[in-house]
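Subject: Structure for your review

Dear colleague,

Please find the structure below, together with its sequence.

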Amino acid sequence: MITEYWKVDPVNPQSDIITRAADLIRDLQLVAFPTETVYGLGALASSSEAVAKIFAAKGRPPENPLLVHVSKIEQVKELVPEIPETARLLMDKFWPGPLSIILPCRKEVPAIVRGGKSSVGLRMPAHPVARALIEQTGPIAAPSANLSGRPSPLTAEHVRSDLDGRIAAVLDAGKTGIGLESTIIDLSQDKYRVLRLGGLPLEELQQVLDDKIQIINNESDELPHYQTSSRVIICQNERDFIDQQEYWLGQEKKLGIVSSKPGYSHIINKSDPVYYLDLGQDSSNLYTILRDAEQDGIQILLFSPLPQNLTGINRALLERINKL
Ligand code: TXA
Ligand code: MG
């Protein structure tokens, strides 16, 4: 299959381009589209046939459920029998935005979407392109638009390198804003559980929910995470950082350094490429670094010691890095 790449304005998406993409979705094809977190790989949520194509294109295990993306609350009502008060509160406060909410779902939601579970993950993205698309098609099931186990895509180029020839089209609106997936909260059981830390900081959730939130790792998540051809090593302190460099230089491996400080001085071989990790409050370039290092043929990607006590999005980022 030949994948089409359509440039689209990220702020005021051209309606003819959105309509072309919506036609493909309605025709049960796959279209990758930008959200404010990462690029998603969309299929018509009401069609098992269309959603099955997502699993085939990504090589995703069938028991791993998908998030259903909506553009208005009315669409949520078609997916779940009721919206509990807590869910309503979170939707009012954080939607559209990087929070996914898991609720018990109607049995009409195709089993393939929910990985056979009795719940469904709901997300209302804030990106104008995502919203315009869903507005035309109705609910879209979408995981991140990468091969299963690879870093989530932050650009159309990232999507191309994983999925070219496997999907019908990509809406290219440039870089996504946050660069980290949505935070996921599971409200389908008695206790609130955060399954994934992401674009919405935990502190903001806690402000709204007085009850203690349990944070657990989602066992159904696509593992292993962030498979690239570079091996990632995280150094806890400066000594470790120096030792690791000496060791890998001795092994004649192509080394790349990740640092959050420009001009970091403890680098032994000055010709090693240095990737700058942006620890800004609202966005992350970690996934871009992982893909760039791979492209550059880096065999060992060494993280210099990072600041501790990170908050907000950076805490989620650190959790991701530690999973590498
Ligand atoms: O920011 C995001 O959330 C991006 C963009 C495209 O919206 N999407 C995304 O989807 O990251 P995905 O499929 O790569 O990650 C969603 C995670 C998966 O680990 C899946 O197991 C979990 O959400 N999930 C989805 N529905 C669930 C459910 N009903 N119960 C438990 N976990 C669920
Ligand atoms: Mg994913």
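How many Å separate the centres of domain 1 and domain 2? In this predicted model, the two centres, taken over C-alpha atoms, lie 30 Å apart. The domain assignment places domain 1 at residues 4-215 and domain 2 at residues 231-322.

The two domains touch one another: 20 residues of domain 1 are in contact with 17 residues of domain 2. The size of an interface is often expressed as the accessible area that is lost when the parts come together. Between domain 1 and domain 2, about 1,600 Å² is buried, and carbon and sulfur atoms account for 53% of it. On the side of domain 1, the residues that lose the most area to domain 2 are P151, L180 and L197, which together make up 33% of what that side buries.

Polar and charged groups also meet across this interface. There are 6 residue pairs in polar contact between domain 1 and domain 2, with both residues at pLDDT 80 or more. The count of salt bridges between the domains is 2. A salt bridge joins the side chains of R150 and E294, with an N to O distance of 2.9 Å.

As for the side of domain 1 that touches domain 2, helix 6 (156-163) and helix 7 (202-208) each supply at least two of its residues. Helix 6 gives the most, with 3 residues. By type, the residues of this side of domain 1 comprise 8 nonpolar, 7 polar and 5 charged.

With kind regards

How values were computed:
Residues are numbered from 1 along each chain as its sequence is written. Chains are lettered from A and ligands numbered from 1 in the order in which they are written. This is a predicted model: local features need pLDDT of at least 70, side-chain atom pairs count only at pLDDT 80 or more; totals for chains, interfaces and linings use all residues. Side-chain values use heavy atoms; hydrogens and water are left out. Domain bounds come from an automatic or database domain assignment. Contact means heavy atoms within 4.5 Å. Buried area is the accessible area (1.4 Å probe) that two parts lose on being put together, summed over both. A salt bridge is a side-chain nitrogen of Lys or Arg within 4 Å of a carboxyl oxygen of Asp or Glu. A polar contact is a pair of N or O atoms within 3.5 Å; within protein, one must be able to donate a hydrogen and the other to accept it, and residues adjacent in sequence count only if both atoms are side-chain atoms. Helices (H or I, at least four residues) and strands (E, at least two) are DSSP runs, numbered from the N terminus. Ala, Val, Leu, Ile, Met, Phe, Trp, Tyr, Cys and Pro count as nonpolar, Asp, Glu, Lys and Arg as charged, and the others, Gly among them, as polar.
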